[in-house]
Amino acid sequence: MKKDVIILAIETSCDDTSVAVVKNGTEVLSNIVWNQNKTHEKFGGIVPELSARRHLKVINYAIDDAIKSSGINLKDIDAVAVNNQKGLTRSLVVGVAAAKAIAFSLNIPLISVHHIEGHIYSNLISHAELKFPHLCLTVSGGHNLLVLINNHFEYEVIGNTLDDACGEVFDKVARFLNLGFPGGPIIDKLSKEGDPKKYKFARPMLDQDNFNFSFSGLKTEITRFYEKNKDNSQMKISDVAASFQQAVVDTLIGKTIKAVKKYNLNQVSVVGGVSANSKLREDFKIYESKFGFKVFFPELAYTTDNAAMIGAVAYYKYLKGQFENLNLEVFPNRPL
Amino acid sequence: MKDELKFLLIDTSIENITNILLVLGDKISNVSYNESRAHLKNLIPGIKEILQKNNLEISDLNFVAINEGPGSWTGLRIGFATIKVFSLLNKIPLITFSSFDLIFVKNKIHDGIMLIKSSDTNFYYCIVEKQEIIKKGIISGFELLNKYPSEEKYYLEEDEKLIISLVIKKFNDGNFADIYDVEPDYITEGLITSKFEK
């Protein structure tokens, strides 16, 4: 009988401290997330130094919780995995230092994972039917890519953001409209009360013959529109939010469908924090049958930053024996 | 053989120096790296080297100790994340010591200002009155001379033996850090957020 592989995974790229225990890449035995939204709320964005301090403050709680709630013993852990690529340097180092201390204490292999790779694999946790090759749209506050996933660890980035990532624009627009932080879930909720067709904002770069994104101009359009109309009693913030959200959703879906057609793919995986957006999920479903593809979304718990997805990737690296030395460092800007 | 204390003592408070001491009773081994921003890279390999030379594992130690600062925030965090995990997984106590403690004890200060260089122009300072710490912060050299011209000033000097005796005393007193909540002495809480306030 094949031996189970149990991986303890750590993710501290931004403002969430997450530790998970994952068995055989798909069975999540625990996935602890210490969210920092309250810490950063009053600043309307993430303060890197505060974020790093918070990671260090809670790291032992998160490790302890992840192990205890998974029901495993320390000696059951086969490897420790950590995101050391893509994120805030100060935040990443806390997770990597902790992971190395675990690997050394337990004398087990250390596995490094790219943050975006984690998001790509987040969809494999619950969707065994998602096969290679497939198209992956990653949408979050830190990245916004269209990637061909040809096989395990074979990625071909065909589209990238030229400026702000999609989730970042949600945060910035929400802050500008005085709606709070984080912007994604707030705008999603508020948009349900608004008319998405009320205002026709731009669908950036949709007519261009490439797969890149640029949401910075849309952000400026919204802020200018709001400045001009804020004293107009006819203008409802929920309509602005819904119309903005629709412009983003149309752009993401439009670009994705172009890529589906060009590369003749029939499976689309949408991952990252913005993949939790209810309108994006709803609208993608509408186009499935029309364009002959099937769309997959991660469970909500695995849309935002989480360590389970790091453990999912690490399982396949474990099988290939891709291990790191204890002098591992962080690479905050390394592309996928 | 008499039971001798075995412990690791690490210092990552200075940006370019990773210092690891292994104390085995009267015997002291040391591994030190002088490399800018390389705590993360060198700390665990250094600890591994020093322990392997002595045929020891972390779980063989009586405790682990760390300089809590003040100093390089990122450096301190790398040291703390490492040592907190050691303590958690190996179930051994964690002891912290402050650079200000060292100055204080070494100079038997009654009144005065303790100073640790933080950059080319600034110092971490700590004011002592009647053997009590009344204020800590960060100050420029210029401001220091203007504001505190006549106060007695004390600077940090290396003293390995004193550090070792301080942490052993803490161990014997059962003065352990909380391995969950323990943090470095960042000192300048207010400074980092002020520029982000709306």
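How far apart do the C-alpha centres of domain 1 of chain A and domain 2 of chain A lie? The legends below belong to a predicted model, and the first of them takes up this question.

**Figure 1. The two domains of chain A.** The C-alpha centres of domain 1 and domain 2 of chain A are 27 Å apart. In the domain assignment, domain 1 of chain A is given as 6–120 + 303–320, and domain 2 of chain A as 129–298. Where the two touch, 13 residues of domain 1 of chain A are in contact with 19 residues of domain 2 of chain A. On the domain 1 side, helix 1 (37–41) and helix 4 (115–126) of chain A are the elements that give two or more residues. By class, this side of domain 1 of chain A has four nonpolar, seven polar and two charged residues.

**Figure 2. Helix 2 and helix 3 of chain A.** Two packed helices are described by the angle between their axes and the distance between the axes. Here the axes of helix 2 (residues 48–70) and helix 3 (residues 89–106) of chain A cross at roughly 20 degrees and come within 8 Å. Angles under 35 degrees count as roughly parallel, and helix 2 of chain A and helix 3 of chain A are therefore roughly parallel to each other. The crossing of helix 2 of chain A with helix 3 of chain A is right-handed. Among the residues that meet are A:Ala52, A:His55, A:Leu56 and A:Ile59 from helix 2 of chain A, and A:Val94, A:Gly95 and A:Ala98 from helix 3 of chain A. In total, the contact of these two helices has seven nonpolar, four polar and two charged residues.

**Figure 3. Helix 6 and helix 8 of chain A.** Helix 6 (residues 183–191) of chain A packs on helix 8 (residues 237–263) of chain A at an angle of about 115 degrees, and their axes are 8 Å apart. That angle makes helix 6 of chain A roughly perpendicular to helix 8 of chain A. Their crossing is left-handed. From helix 6 of chain A, A:Ile187, A:Asp188, A:Leu190 and A:Ser191 take part; they meet A:Ile237, A:Ser238, A:Ala241, A:Ala242 and A:Gln245 of helix 8 of chain A. The classes in this contact are five nonpolar, three polar and one charged.

**Figure 4. Helix 8 of chain A and the residue after it.** Helix 8 of chain A has 27 residues. From its first C-alpha to its last, helix 8 of chain A reaches 39 Å, close to the 39 Å expected at 1.5 Å a residue. A:Asn264 follows helix 8 of chain A and has a positive phi, near 55 degrees.

**Figure 5. The two domains of chain B.** The assignment for chain B gives domain 1 as 6–98 + 158–187 and domain 2 as 100–155. Taken over C-alpha atoms, the centres of these domains of chain B are separated by 25 Å. Eight residues from domain 1 of chain B and 10 residues from domain 2 of chain B make up the contact. Helix 5 (residues 160–172) of chain B supplies the largest share of the domain 1 side, three residues. This side of domain 1 of chain B divides into six nonpolar residues, one polar and one charged.

**Figure 6. Where chain B touches chain A.** The contact involves 27 residues from chain B and 30 residues from chain A. On the chain B side, helix 1 (39–53), helix 2 (73–90) and helix 6 (189–194) of chain B are the elements that give two or more residues. Helix 2 of chain B gives the most, with 13 residues. The side of chain B that touches chain A holds 16 nonpolar, four polar and seven charged residues.

Notes
Residues are numbered from 1 along each chain as its sequence is written. Chains are lettered from A and ligands numbered from 1 in the order in which they are written. This is a predicted model: local features need pLDDT of at least 70, side-chain atom pairs count only at pLDDT 80 or more; totals for chains, interfaces and linings use all residues. Two residues are in contact if their C-beta atoms, placed from the backbone, lie within 7 Å. Helices (H or I, at least four residues) and strands (E, at least two) are DSSP runs, numbered from the N terminus. Ala, Val, Leu, Ile, Met, Phe, Trp, Tyr, Cys and Pro count as nonpolar, Asp, Glu, Lys and Arg as charged, and the others, Gly among them, as polar. Axes are lines fitted to C-alpha atoms, for helices over the stretch in contact, and angles run from 0 to 180 degrees between N-to-C directions. Angles under 35 degrees count as roughly parallel, over 145 as roughly antiparallel, 65 to 115 as roughly perpendicular and the rest as oblique. A crossing is left-handed if the near helix is turned anticlockwise from the far one by less than a right angle, and right-handed if clockwise. The expected span of a helix is 1.5 Å times one less than its number of residues. Domain bounds come from an automatic or database domain assignment.
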